[in-house]
Amino acid sequence: MAFTNNNSSPWIQPESTHPQTGLVIYNTLTRSKVPFVPANGNCVSWYGCGPTVYDAAHLGHARNYVTFDIIRRIMEDYLNYDVNMVMNITDIDDKIILRARQSLLLGQYRGKVSTLTEQVISDVEAAFRRFVASKLREPVSADADWLAFVSKTNGGTDAQRTKDDEKFPMNYKAASAAFDAIALARQQLARGGDLQASAKALLDASEDVLALWLDALHGAEVSDKQIFRDLAAYWEKDFFEDMDALNVRRPSVLTRVSEFVPEIVEFIQRIIDNGYAYELEGSVYFDIESFDGKDGNFYAKLEPTLKGNTRLLAEGEGALGAKSSNTRSPADFALWKKSKPGEPRWDSPWGEGRPGWHIECSVMASEILGSNIDLHTGGIDLTFPHHDNEIAQSEACLGCRQWINYFMHAGHFHVSGMKMSKSLKNFTTIKNALKKNSARQLRMLFLLTKWDARLDYFEGTMEGPLALEKTFDNFFSNTAALLRDFRLRQQDSDGKRHFLEDELELQRALVDTKAQVHAALLDSFDTPRAMRALQEIVTRTNTYLQRGRASIDPQIVESVALYVTKIFRVFGLVNDGVGSRIGWGSAGSSADGASQGSADRESILLPVASVLSDFRDAVREIALSGGDKKALLSLCDRVRDKDLPDLGIVIGDHGDGRALVKFVDPEDVRRERAARQAEEDAKRAKKEAEARAAEEKRQAKLAAGKLSPKDMFRTPEMLELYSEWKENGVPTKDKAGEELAKSKIKKLEKQWAVQEKLHNEYLKSLNYLQYSNIAARALRRVVKPQLQSEVAKREGVSIKYAKWDSGKAGASSPLPIIETRPKAEN
């Protein structure tokens, strides 16, 4: 027996007569690794907290759902558990109510605004004042008040305010955008012009402040319950599109809160009957004091130190919570909320209302999986109060001492040191993330981080996963190509044994790798350790491959590739439903060249046939025109480097004179080529910018050198300072005729020397221009380009050519253009 974080609430280790896998997992209930023992033999009951569907899913969601998808796949496909996974969709929630109402009211308001008017500006100003007072807790009645607040908070960067309220930067940004838009709208209204576009720009920039204001004015008037369901349905569909794109398996059972309201009402009534909840003003609250420490019950098993955290408790009640001040304890939380005007409502014994947030998971999980569940998962931010409240209300209703045996919480996903969150508006949607990186690359990132550890995302975060993917990708394609070549010639024997000590050593390393991966996965799903073991065996095999095709046995290489592919398939890195033996299982052909049988022969062969046909035509043209072998080799390079890679075919030149053909994902090839091109463009742009800067600096020096050193101290400004000069122009007396101090003259002579150097360089440039013009005229008198080159070489200049009209119809000659300055002066 172990204890939960409460140090007084016992955690009971499940027991079973069924043979166990040896899996241990980190259990949030005990804050330690404990043996995983399902209550029902090999069957695992699993409840996973699903999304609240009111906006697009982001990378933080991806981290959570992909992480637990990896764990589920390991349990199902590697450890052979029979997993029954239930996941909910929260479609009744304060956030959904607010978003649906505000979207409706904003749309209606926009429909009424056809042009910019004083009234529209006045409305936005009122919305701005309310937003600042509500969200930033700062009364603002005039522009000067806001500007003073901007100064006081250092333009919204006040560290203490951000520490006290993590949403401060987001709310400040929204208020600042509205303030600037109002100021611009005033100017545009006074100036006239396209006032319809001006009105749209004002509303677009002020959406956040307007939404709050409109909801405060008219939110209570929204009575159509369907708008809340429609919003949830839209974002639920969008969520599963993202999950499918990320290759996340669907749950065994999907539940929605709106489909379980009668069961929720019954569940709450049982809690009341058991003496752990009470009705108050049409709502029902869980009675913490009657539960915690009574009859073997314990509250806040997961986070006992947070049980009195009023901020977290208030957040758990929702944005529309407005909990009664008459509750028996400030920690009591709502099981049932009396619906206010503008909120969806269902009948109950306590009047019309809606379920609280925490109760939904307790009811849906228990209805499907029973009163004792093996595993419950979710993000680490759900431990308190959400999961602690789930445990309390479930055990209060069901009369059990251990509703959940194991809790697993995925670590935070942070961006720039802050948790990625919809409510903070610092998120990257999954759809936008997939425009930059593939689902496999994102999954690789999550595999390289322990599932319960914090993941910090920054600009260079993806470099490691991308490099590792490239390592495995090259290994798969090289192995597949090697095996194709081997099978074409495997009947040819030289009568010698090839599976020797090196092969046996690699085979022993593979056995060791399997043991390492197995141990890592049993150790609370330690995928980073497993990935390191796989990387090491691939690196070792690549070293073996460097011996050359004639000195290796492809069979041991195939064994390594098959094992790595097997584990990658378990991890979800290999596309589901594609029967490739080796590699990622991309669409089309498998990595080892096996036909997928899903496309007709013509559609597969035509692109390759077209490349061969074009290549044949070009070779024939070169041969007929007497072209040299250089043109032929260039043509071969184009087919190898451009035409075939676009079709997913890579030809690798080898020292034995035989090429190795590899099949790759054409999209990966295009992505890599685009990345290389972007890098080359960036380098070229940087080089050009440096060249421009150097030339500008040179020109500035030349411009500064126009003034002769003899005249530099005789300008009108200098005549106000000096009255007598040396022959070279250095002053000797001041304006009053007094001799200058020796130190002063010495300083002026240094300035004179600098100017002399600049002036000499300026004069040289003039000589060069004159020389260049003479050289160009001389070159143009030489008709043949090869003779021009000889003249240029003799004269010490380099040239390029353009066409110039000789004056004769249809005739032109190469025009030499001086490109650089002379290499040396005579």
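The model is predicted. The chain has 826 residues, of which 46% count as buried. Its secondary structure comes to 26 helices and 22 strands.

**Whole chain**

- The accessible surface comes to about 41,900 Å², and carbon and sulfur atoms hold 52% of that area.
- Among contacts in the chain with a separation of 6 or more, 69% are between residues 24 or more positions apart.
- A search for aromatic pairs over the whole structure finds 29.

**The five-stranded parallel sheet**

- An open sheet is formed by five strands in the order β7-β6-β5-β12-β13, with parallel pairing.
- The edges are taken by β7 (253-256) and β13 (404-410); each has a single partner strand, so one side of each has no neighbour in the sheet.
- On average, neighbouring strands of this sheet are turned by 20° against each other, direction ignored.
- Within the sheet, strand β5 (residues 43-48) and strand β6 (residues 82-89) run parallel and are joined by six bridges.
- Tryptophan 46 has methionine 85 of β6 as its bridge partner.
- Helix α14 (residues 383-398) packs on the sheet, where it touches β12 (373-379) and β13. The direction of α14 makes about 160° with that of β12.

- Strand β8 (residues 277-280) and strand β9 (residues 283-286) run antiparallel, joined by four bridges.
- The two strands form a hairpin with two residues between them. In the turn, glutamate 281 has a positive phi of about 55°.
- Opposite tyrosine 278 stands tyrosine 285 in β9.
- The ring of tyrosine 278 also has a charge over it: the charged end of arginine 328 sits 4.0 Å from the ring centre.
- A second contact of this kind involves lysine 225, whose charged end sits over the ring of tryptophan 346 at 4.5 Å from its centre.

**Helix α13**

- Helix α13 (residues 357-369) is mostly covered, with 10 of its 13 residues buried.
- Its buried residues include the run His358, Ile359, Glu360, Cys361, Ser362, Val363, Met364, Ala365 and Ser366, and also Leu369.

**Alanine 245 in helix α9**

- Alanine 245 lies in helix α9 (residues 226-245).
- Alanine 245 has a relative accessible area of 40% and is therefore partly exposed, since that class runs between the limits of 20% for buried and 50% for exposed.
- Apart from neighbours within four places in sequence, alanine 245 is in contact with Leu434 and Ala439.
- The C-alpha atoms of alanine 245 and alanine 439 are 6.8 Å apart, although the two residues are 194 residues apart in sequence.

**Aromatic pairs and a cluster**

- A pair of aromatic rings is described by the distance of the centres and the angle of the planes.
- Among the 29 aromatic pairs, phenylalanine 149 and tyrosine 172 form a tilted one, at 6.5 Å centre to centre with 40° between the planes.
- This pair links distant parts of the chain, 23 residues apart: phenylalanine 149 is in helix α4 (residues 143-152) and tyrosine 172 in helix α6 (residues 168-191).
- Phenylalanine 149 is buried at a relative accessible area of 1%, and tyrosine 172 is buried at 8%.
- Phenylalanine 476 and tryptophan 584 form an edge-to-face pair, at 5.2 Å centre to centre with 90° between the planes.
- This second pair links positions 108 residues apart: phenylalanine 476 is in helix α17 (residues 463-489), and tryptophan 584 is in the loop between α20 (554-571) and α21 (601-624).
- Phenylalanine 476 is buried, with a relative accessible area of 1%; tryptophan 584 also counts as buried, at 5% relative accessibility.
- One aromatic cluster is made up of Phe128, Trp146, Phe149, Phe168, Tyr172 and Phe179.

Terms used: Residues are numbered from 1 along each chain as its sequence is written. This is a predicted model: local features need pLDDT of at least 70, side-chain atom pairs count only at pLDDT 80 or more; totals for chains, interfaces and linings use all residues. Side-chain values use heavy atoms; hydrogens and water are left out. Two strands pair if DSSP finds at least two bridges between them. Axes are lines fitted to C-alpha atoms, for helices over the stretch in contact, and angles run from 0 to 180 degrees between N-to-C directions. Contact means heavy atoms within 4.5 Å. Buried means under 20% relative accessible area, exposed over 50%, partly exposed in between (1.4 Å probe, protein chains only). Accessible areas come from the Shrake-Rupley method with a 1.4 Å probe; for residues, only the protein chains shown count as cover. Rings of Phe, Tyr and Trp (its six-membered ring) pair if their centres lie within 6.5 Å; planes under 30 degrees apart count as stacked, over 60 as edge-to-face and the rest as tilted. A charge sits over a ring if NZ of Lys or CZ of Arg is within 6 Å of the ring centre and within 35 degrees of the ring normal.
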